[in-house]
Amino acid sequence: MDLVLNGFAAVLNLPCVALMFLGVAVGVIFGAIPGLTGTMGVSLCLSLTFGFAVPEAFSLLLGLYIGGVSGGLISAILINIPGTPSSIATTFDGHPMAQKGQAGKALGISLLYSFIGGVVSVIILMFLAPVVAKVAIKFGPQEYFAVGIFSLTMLSIMVGKDTIKSIASCVLGISFALIGSAPIDNVFRYTFGMHDLISGFSLLPVMIGLFAVSEAIKMAAEGFPVIKKGEIHKYKFKGFGITLKEFGKKSFNMIRSIIIGTGIGILPGIGGGTSNIISYTVAKSQSKHPEEFGKGATDGLIASEAANNASIGGAMVPLLTLGIPGDTVTAILLGAMILHGLNPGPLLFTKDAPIVYMIFAIMLLVNIIMLIEQYFGMKVFVKLLKIPKHILIPIVILLCTVGAFGNNNRIFDISSLVFFGVVGYLLIRYKFGLPPFILGFILCPIIERNMRKSLSYTHGDWGTFFTHPIAAVFLAIAILTILLTVLKRLRQRKKERINL
C-alpha cells in the first residue's frame, strides 16, 4: 500500500498531470483521425521526453497510449472508419447506431466501457505483475536468452498470415541491430569503415522512422483519406447512454470482454487489434439475440471497447515483468524505458519498485482523464476529423526530423530516420510486418548478451540452454510453435490447391 501511495504522490503534481492531459488529448487526436495512429503518436512524442524526468516522460507517453486506443471509437462510430485497429469491431454496431440517430448513445456507451476496461485491467496488472516478477527474478542468462527467442518466434508468427515474411522481418531487424560494437568484447561489426556506424543505429530514429515516417510515406503514395461534408453523423450526449438497470444486465458481457482483452494483451504481439474482434465474436456467439449484432447492438460495442482498452493493462504485464512488449506500442515503451535508464524485467520490481507503482498510478489517472476529456471535449475532437491530411503530414514529418536530431545532435540520425522510414514503408507495402522488425532490433542485444554470458560460463557448452528447466521449456515451446504453424500453413496451401 505504501508503494501505491508513493506512486500517486510522485505524479500528483502540476507538470505530470498537465502532461497526462496533453498526452491523452494528442493520443485521442491521433487515434480518431483516419491515417494517423496511436502508435505514430507515441513514437513521434518519444523524442520529446528525452530531457524529461521519468515521471513526466511516462505521464506523457502513457497518456498518448491510452488516449490513442480509445480515440479510435470516434471515427469508428461517426464515419465508419476505425481510427485504430483496436476499434475495428466498434464499427460493426457503432456506425449502425449512428445511422439510426443514436450516435450520442453509441459514443457514451463506448466511452464508459473503454474507461471500465482500462481501469480494471490496470488493477489486474497491479496484482498479477508482482507475482510474475517473483518467478522471473530467478531467471539467469540462459532463461533470458530462451524467453527472448520465445517472444521473437511468437510475435513473428502471430502478427501476420505469412509466417515466412514475419520471420524474415524479424531477422532483418536483428541484422540491423548487429551493426556496430559487439557486447562484452566491443568488436566492431559491419561498419564498412563508416565512423557513424560504430555505435550502431540509435533506437529513437529507428522507431520514429518505422512507425511515423513510413505511415506518412504510405499515405502520400496511396492518397489521403478525405472526409466529405455531411459524412460525419450528428450526435447529442445524454449521460453515457445506459441506465443502471441496463448496466447490471450487461455486466457479464463486460467482465467476459475485460478478461478476454487482458488475457490476449498478455500474449506477445497480439494486442487490442485482435482482442476487440475476438471479444465481439464471443459476445455474438453467446448472445440470445445474435441476429441483432451488426445492426446496432449495444452488446457489440461493450465487447469491443471493454476488450481493446483491457488489452493495454495486459500488454504491460510482459513488458514490466520480462522486458517483452505485449504489442507494438509497448515495444516503443520498452525503448523509452531503455532511453531513460530503466531495465524492464523482474529486477525492475526490486531495484526500481517505486517507478513500477508510479506507472500503475499514471495508468489509473490517465484512464480517468481520458473519460473526462473525451466526454467534455468530444465536439473539438470531432471537428479535427475535418483537417486535411496534406496539412497534418508535413507537420508530422517536421516533428520527426527535429526529434531524431535532438536525440544525439547528429545529422546521421536524420539520415537513419529517412532510411528506416523507407524500410518501414516497403515492409508495410509487401506485408512483412513492422512489429517483428522492431522486436528483433530491440531484443537482439539482450539475446546476444545473455547467450554469450551463458556460453562463457559453460566454456561454450550449448547444452546449458536445455539443462536449465525454464529455459528448456521456453525453447521447446518456441520450436514446437514454429513447427505446428509451418505444418498448418502447408495443409492450408494443400487444401487451396485441391479446391483449385
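Residue numbers start from 1 along each chain as its sequence is written. In this predicted model, local features need pLDDT of at least 70, side-chain atom pairs count only at pLDDT 80 or more, and totals for chains, interfaces and linings use all residues, while side-chain values use heavy atoms, with hydrogens and water left out.

## Salt bridges

Side chains of opposite charge can pair when their charged atoms come close. The rule here asks for a side-chain nitrogen of Lys or Arg within 4 Å of a carboxyl oxygen of Asp or Glu. The count comes to three salt bridges.

| Salt bridge | Closest N and O atoms |
|---|---|
| R189 and E448 | 2.5 Å |
| D299 and K250 | 3.5 Å |
| D413 and R410 | 2.9 Å |

Take R189 and E448, whose closest N and O atoms are 2.5 Å apart. The pair links distant parts of the chain, 259 residues apart. R189 sits in strand β2 (residues 188-189), and E448 belongs to helix α19 (residues 434-457). Helices (H or I, at least four residues) and strands (E, at least two) are DSSP runs, numbered from the N terminus. Both R189 and E448 are buried. Buried means under 20% relative accessible area, exposed over 50%, and partly exposed in between, with a 1.4 Å probe and protein chains only.

D299 forms a salt bridge with K250, at 3.5 Å between the closest N and O atoms. D299 lies in helix α13 (residues 298-322) and K250 in the loop between α10 (244-249) and α11 (251-266), so the contact ties together parts that are 49 residues apart in sequence. D299 has 21% relative accessibility and counts as partly exposed. K250, at 17%, counts as buried.

D413 and R410 make a salt bridge with closest N and O atoms 2.9 Å apart. Both D413 and R410 are buried.

## Aromatic contacts

A pair of aromatic rings is described by the distance of the centres and the angle of the planes. Rings of Phe, Tyr and Trp (its six-membered ring) pair if their centres lie within 6.5 Å; planes under 30 degrees apart are stacked, over 60 edge-to-face, and the rest tilted. The count comes to 16 aromatic pairs.

One of them joins F145 and F465. This pair is tilted, with 4.4 Å centre to centre and 35 degrees between the planes.

F176 and F419 form an edge-to-face pair. F176 is buried, with a relative accessible area of 14%. F419, at 39% relative accessibility, counts as partly exposed.

Which residues share an aromatic cluster with F176 and F419? F201, F412, F420 and F437 do. F201 lies in the loop between β2 and α9 (203-222). Its relative accessibility is 16%, so F201 counts as buried. From F201 to L347 the C-alpha distance is 27 Å, across 146 residues of sequence.

A charge also meets a ring. K165 lies over the face of F432, at 5.4 Å from the ring centre. The test requires NZ of Lys or CZ of Arg within 6 Å of the ring centre and within 35 degrees of the ring normal.

## Cysteines

A disulfide is a covalent bond between the sulfur atoms of two cysteines. The cut-off is a pair of cysteine sulfur atoms within 2.5 Å. A search of the whole structure finds zero disulfides.

C16 is buried, at 0% relative accessibility. For C444 the closest cysteine sulfur is in C170, 9.2 Å away, again too far for a bond. C444 counts as buried at 6% relative accessibility.

## Helix α19

The end C-alpha atoms of α19 are 35 Å apart. Its 24 residues should span 34 Å, which agrees. The expected span is 1.5 Å times one less than the number of residues.

Where does α19 bend? The bend is at L443, by about 40 degrees, and a proline, P445, follows within four residues. The angle is taken between axes fitted to the seven residues ending there and the seven starting there. After α19 comes H459, whose phi is positive, near 55 degrees.
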